[in-house]
Amino acid sequence: MTTTPCAWSVDWNECPNCARLKKHVDDAHAALLAASERVDQAYDEYRDVRDAGHVAFGTPSHRAWQARLDNLEQQVDEASAASRAAIDEWGKSIRLHHRFHMAYTRIDAAGHVGHVGTGETTSLPETEEMEEVPTPTPLIRADKLMGILDRAEAAYKVSIGFCDLWDLDASDLHARLATIQTIRTQFERLIDEAKENHHA
Ligand SMILES: [Zn+2]
């Protein structure tokens, strides 16, 4: 299973991905009804020709009817399995979405990085962070910068934790976390160099 492209910033009933899976449920249900109807019609037809004496047992005609009915029965079984699978997938998606949405809301409420793990590019709230600096300055404060990266790192770890809990593929999130950590290390080096130059 790939990482879900759910929009975790909104509730599951507003999520395009969950809506897409709900449509699969509706489509699969419609397909199941159509398959059931086809098999019912075929049985009615079979009874009519049999009662009219046109389908003697063991004749090629009888075997052809059995094959047709078996085939239609099998289509109902397959449609039924597809319908159950669609319901399972949708149910799993909305439960997972609910969990992630709650986590997202908590992270957001704590003033942490938004858009975590939505499958979109993570946007860091740089302008908001800068507004908190009392004196406007063209320089970015190192602790503010590191704070942004720390929160992004923490948010990814929360998302990965949920993926682990729900046994989902978190490799995409692990890759993003690794990127954040690499950037963090590089900034740390730059900050250390700047401090050394300042003291020199
Ligand atoms: Zn969703």
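**A helical protein with a zinc site**

Helix H4 passes helix H5 in a left-handed crossing; a crossing is called left-handed if the near helix is turned anticlockwise from the far one by less than a right angle, and right-handed if clockwise. The model is a predicted one, in which local features need pLDDT of at least 70 and side-chain atom pairs count only at pLDDT 80 or more, while totals for chains, interfaces and linings use all residues. Residues are numbered from 1 along each chain as its sequence is written, and side-chain values use heavy atoms, with hydrogens and water left out.

The axes of H4 and H5 (residues 171-199) come within 10 Å and cross at roughly 160°. Axes here are lines fitted to C-alpha atoms, for helices over the stretch in contact, and angles run from 0 to 180 degrees between N-to-C directions. H4 is therefore roughly antiparallel to H5, since angles over 145 degrees count as roughly antiparallel, under 35 as roughly parallel, 65 to 115 as roughly perpendicular and the rest as oblique. From H4, residues including Leu 145, Leu 149, Tyr 156, Ile 160 and Cys 163 take part in the contact; H5 contributes, among others, Leu 173, Leu 177, Ile 180, Phe 187 and Ile 191. Contact means heavy atoms within 4.5 Å.

The overall fold can now be described. The protein has five helices and zero strands, and its pattern along the sequence is α-α-α-α-α. Both kinds of element are DSSP runs numbered from the N terminus, helices being H or I of at least four residues and strands E of at least two. Of the 200 residues in the protein, 32% are buried; buried means under 20% relative accessible area, exposed over 50%, and partly exposed in between, with a 1.4 Å probe and protein chains only. Among contacts between residues at least 6 apart in sequence, 66% join residues at least 24 apart.

Helix H2 (residues 60-109) packs against H4 (residues 142-165) at an angle of about 165°, with the two axes 11 Å apart. This angle makes H2 roughly antiparallel to H4. The crossing of H2 and H4 is right-handed. On the H2 side, Arg 99, Phe 100, Ala 103, Arg 106 and Ile 107 meet residues of H4 that include Ala 155, Val 158, Phe 162 and Leu 165. Val 158, which lies in H4, touches Ala 103 and Ile 107 when residues up to four places away in sequence are not counted. Val 158 is partly exposed, with a relative accessible area of 35%. Its C-alpha is 9.4 Å from that of Tyr 104, a residue 54 places away in sequence.

H2 also packs against helix H1 (residues 16-51): their axes come within 8 Å and cross at roughly 160°. H1 and H2 are therefore roughly antiparallel to each other, and their crossing is left-handed. Within H2 lies His 62, which is buried at a relative accessible area of 10%. Leaving aside neighbours within four places in sequence, His 62 is in contact with Tyr 46, Val 55, Ala 56 and Phe 57.

Thr 105 in H2 is partly exposed, with a relative accessible area of 39%. Between Thr 105 and Ser 9 the C-alpha separation is 7.3 Å, although 96 residues separate them in sequence. Ile 94, likewise placed in H2, is buried, with a relative accessible area of 16%. Beyond four places in sequence, Ile 94 touches Trp 12 and Cys 18. Ile 94 and Trp 12 are 82 residues apart in sequence and 5.8 Å apart in space, C-alpha to C-alpha.

The zinc ion is coordinated by the SG atoms of Cys 6, Cys 15 and Cys 18 and by ND1 of His 97, at 2.1 to 2.4 Å. Donors are N, O and S atoms within 2.8 Å of the metal (3.2 Å for Na, K and Ca); water is not among the atoms, so sites may look incomplete. Along the chain, the donors of the zinc ion follow the spacing C-x8-C-x2-C-x78-H. Why is the arrangement around the zinc ion tetrahedral? It is tetrahedral because the four donor atoms subtend angles of 101 to 117°, and four donors count as tetrahedral if all angles lie between 85 and 135 degrees. Cys 15 is buried, with a relative accessible area of 1%, and Cys 18 counts as buried at 1% relative accessibility.

Note on methods:
Tetrahedral: all angles 85-135°; square planar, octahedral: opposite > 155°, others 65-115°.
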